[in-house]
Every structure is written in structure tokens, then in C-alpha cells.
Amino acid sequence: MPELPDVAVYIEALESRILGQTLERIRLASPFLLRTVDPPLASTHGRKVLALRRVGKRIAIGLEEDLWLVLHLMIAGRLHWRERGAKLARKNAPAAFDFTNGTLVLTEAGSQKRASLHLVRGAEGLRTLDAGGIEVLGSGLAAFSAALTAANHTLKRALTDPRLFSGIGNAYSDEILHRARLSPVTLTRKLNPEQIHSLYDAVQAVLTEWTGRLRTEARGQFPEKVTAFREGMAVHGRYGQPCPVCGAKVQRIRYASNETNYCARCQTGGKLLADRALSRLLREDWPRTLEELEDLPRRRAQQ
Ligand SMILES: [Zn+2]
């Protein structure tokens, strides 16, 4: 699933292409993609793009009349920049957005169609699509610590919960925990202040480094190679390969359709996470599927 670094680089690529351009029309090949009925989609036709914004893992395109097209790519949705009026492939291309200077094509591989498009009006409309997690890169240690310890969750669950933190998913949470040398199953309220600080530093470093790296890789082109498995990641997607820090084999926890990767030597004092207590924990406090977490309703501020 595209996470903060991927989405940030998509948005930069879109800013340089569609900001100030007019959206001529949207071609919707899969009606299921659109999750709203009012305002009608045709009300966006002929409107100029005034802003682009990231809302969690979503990409929001702001048009005249305060209309916002909001795309969630989920696991398999990807964007492509094509010549104006580009034909949609018969399969796996649910929508195209025709601008005066080119066409933005959405594709979604696989049979599970999870990507979504919402059309909302104004800041109020955008807020309904925001799970409410803090923007980690703009937050200080105190706000980070408060969000982290608001409830007692496993670190893996807390980091990937969009109601706590905006834009972090399965891949970057693995990388962050490895950088901070913390176990994915440690409970957030068991962390001491030094550990919270090192987690905070790891979040800032990993997300900033990867955004820069993906930006450099794109070299001004539209990002076409968006994947959760990146060359250069320390542990994510690297089960059985050597940890770049200590050389031990990267381990995994498999649960539902997810896999979490970690280095036992760097993160868990050499302990393999496979005992019975872990199974219980995985039932109770683990992201069952990331799609499920993304679909959770917004948490009320008081809770
Ligand atoms: Zn290691």
C-alpha cells in the first residue's frame, strides 16, 4: 500500500503536472470505485486544479468551487501519467482523469477492488475522510508520545493505525521499528522515555530519508515503480536475508494476509516471536488486515 513517502512523491509529481490545469472530464470504467453520489462527478468537469493535498494515505485533488477528488490507492492502486485522452485498458483500469495537458490513469491490479474515489466539498468534506492520526513529520516529541501511549497497543498496531498516526503502513512501520531497535510486539505503555524518543527519531528519519530517496529515484518523471518492497529496505520484504546492521537473518510474523519482518538480534534480544503468548496478542492487538484498519471509522477526539 502506498504510504507517506510514496504518496508525497505522487503528490509532487501531480503538482508539477496538473496544478492550474483544467480537469476536462473523468472517465469511470468501474462504477464501484466512486463511493459518493453528491456532489455528482460531472460537477468537476471543466474545473481548474487549485491544490493537492495528502490526507493520510489518500491523495486529494482540490478543484474550483471547493470540490475535492480524494483517491485511496489501497494495496494495488497505482497512478500513471499518459498522453491526453489515453485509452483505458479493458481490465484493471477503473478510471481516467483527462486534463488539458495529459491524462491521469488509475490502475488496480488483482481481483480485489479496494481502491476508492470520493468527491467531497470543502474542508468539512475532507475531514470525513481523515482518520484523525497526527502528522508525524510535523509533530513534536510530546504530541507523538501522547498519541503513542493514548492506549496500550503493540507497537506494530499503534504505528499502522491511521487514527493514531497518518500515513504509516506495513512497510515503513517495519523499517521504523528496525531503526529504533524495538520489537513489533512491545506494548506502547511499556516503553520508557528513551525508547519513545528513539522511536520518534526513527519515524522522522525513516520517512524523511525514504521520501528523499523516492524523489531522487523518480528524477522528475512520474513515479511508475511504486511498491511496498524497495531495494535498500532493512527488513521489510527481506525474510531470510541478512540484516544490514548485524547480519542475522531477518525474521517474520505471518498473520492473516500480512507479514511483519524484524531482526531478532537488533530488536527482540534474539528472541523469535512465535510462542503462544504471541498468538494471543495477535488475535487481540494486531492489525488483522491493513485494509481493515484503513476502513475503521474515525476515532472520536475524546476516546
Ligand atoms: Zn540486525
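Arginine 27 has alanine 96 of strand E6 as its bridge partner. Five bridges link strand E1 (residues 22–28) with E6 (residues 95–99), and the two strands run antiparallel. The model is predicted.

**Sheet**
- E1 and E6 belong to an open sheet of eight strands, ordered E5-E7-E6-E1-E2-E3-E4-E8.
- Pairing in this sheet is antiparallel.
- Strand E5 (77–82) and strand E8 (116–121) are the edge strands. Each of them pairs on one side only.
- From one strand to the next, the twist averages 25°.
- In general, strands of a sheet pair through backbone hydrogen bonds, either parallel or antiparallel.

**Helix on the sheet**
- Helix H1 packs on the sheet.
- H1 touches strand E2 (47–55), strand E3 (58–63), E5, E6 and strand E7 (102–108).
- The direction of H1 makes about 165° with that of E2.

**Nonpolar core**
- The largest nonpolar core contains 65 residues. Leu69 and Tyr172 have the most contacts inside it.
- Helix H1 (residues 4–18) supplies the largest share of this core, seven residues.
- Domain 1 (4–127) and domain 2 (136–295) both give residues to the core, so it lies between them.
- Leucine 69 touches Thr44, Ile61, Leu63, Leu117 and Leu119, leaving aside residues up to four places away in sequence.
- In soluble globular proteins, nonpolar side chains tend to be buried together.

How values were computed
Residues are numbered from 1 along each chain as its sequence is written. This is a predicted model: local features need pLDDT of at least 70, side-chain atom pairs count only at pLDDT 80 or more; totals for chains, interfaces and linings use all residues. A nonpolar core is a set of buried Ala, Val, Leu, Ile, Met, Phe, Trp, Tyr and Cys residues joined through C-beta atoms within 7 Å. A residue is buried if 20 or more other C-beta atoms lie within 10 Å of its own, exposed if 12 or fewer, and partly exposed in between; C-beta atoms are placed from the backbone. Helices (H or I, at least four residues) and strands (E, at least two) are DSSP runs, numbered from the N terminus. Domain bounds come from an automatic or database domain assignment. Two residues are in contact if their C-beta atoms, placed from the backbone, lie within 7 Å. Two strands pair if DSSP finds at least two bridges between them. Axes are lines fitted to C-alpha atoms, for helices over the stretch in contact, and angles run from 0 to 180 degrees between N-to-C directions.
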